[in-house]
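Subject: Structure for handover

Dear colleague,

Here is the structure you will be taking over. My notes follow below it.

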Amino acid sequence: CANGYANCACESFYDLDAGRWYHEAIDWAYSLGLMNGTSETTFEPLATTSRAMVVQVLYNMSDRPRVYAQKAFDDVVEGQWYYDAVNWAKAVGVCNGTSETEFSPNDPVTREQLAAFLYRYAVLCGYTCIASGDLSGFSDSNRISDYAREPIQWAVGAGIINGTSPTTLEPRSNATRAEIATMLCRLVDFLTNN
């Protein structure tokens, strides 16, 4: 693998292009076992990822700590693969639900939800996350939900999230698997170097 990883995703999945912007981040996430393919031969970099999958990745990054928390949401049922991850994430403040009683684990994660998860994860890791990014150049910054404004300002300032164009953030658009791998890679770089 050109990036020096033991497992190179672009060699394992026919739908990945080693020349694309996501190449290094997906290789990183795949080599660490943070993300897998969607089949034996496909990764589907432009497909969406569920809220539960993102929380599971963050739980895995935390070495899957033992969960003593009570069931956090009515729609997170014991026995589901994400049960411990969601209960952990709620207990430590990494995630909120889509309502007081629901997490919506199978809903696609949006770009602003992803920014909020990563921001709260960085705080959990002991980092002071100062909201420093300038959003004035993004014409759709008024579409950022109130809960996500500070996380997105931080993520833009820290270089974790970029616009989908020079003038748009698309905060409520679903995050693609390639975007998630890229933001996770940038988050780890931030945590390592700050």
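How are α2 and α7 oriented to each other: roughly parallel or roughly perpendicular? They are roughly perpendicular, a label for angles of 65 to 115 degrees, while angles under 35 degrees count as roughly parallel, over 145 as roughly antiparallel and the rest as oblique.

Before the details, two notes on the source. The model is predicted, and local features need pLDDT of at least 70, side-chain atom pairs count only at pLDDT 80 or more, and totals for chains, interfaces and linings use all residues. Residues are numbered from 1 along each chain as its sequence is written, and side-chain values use heavy atoms, with hydrogens and water left out.

Helix packing

The angle between helix α2 (residues 23–31) and helix α7 (residues 177–193) is about 80°, and their axes are 8 Å apart. Axes are lines fitted to C-alpha atoms, for helices over the stretch in contact, and angles run from 0 to 180 degrees between N-to-C directions. Helices are DSSP runs (H or I, at least four residues), numbered from the N terminus. On the α2 side, Ala25, Ile26, Trp28 and Ala29 meet residues of α7, including Leu184, Cys185 and Val188; contact means heavy atoms within 4.5 Å.

Aromatic pairs

The whole structure has 9 aromatic pairs. Rings of Phe, Tyr and Trp (its six-membered ring) pair if their centres lie within 6.5 Å; planes under 30 degrees apart count as stacked, over 60 as edge-to-face and the rest as tilted. Phe13 and Tyr30 are an edge-to-face pair, 5.2 Å centre to centre with 75° between the planes. Phe13 lies in the loop between α1 (9–12) and α2, and Tyr30 lies in helix α2, 17 residues apart. Phe13 is buried at 5% relative accessible area, and Tyr30 is buried at 18%. Buried means under 20% relative accessible area, exposed over 50%, partly exposed in between (1.4 Å probe, protein chains only).

Tyr119, Tyr127, Trp154 and Phe190 are linked into a cluster by ring pairs. Within it, Tyr119 and Trp154 are both buried.

Charges over rings

The charged end of Arg51 sits over the ring of Phe103, 4.3 Å from its centre. Arg177 has its charged end over the ring of Phe43, 4.2 Å from the ring centre. The criterion is NZ of Lys or CZ of Arg within 6 Å of the ring centre and within 35 degrees of the ring normal.

Regards

Key. Helix = DSSP H or I, 4+ residues; strand = E, 2+ residues; numbered from the N terminus.
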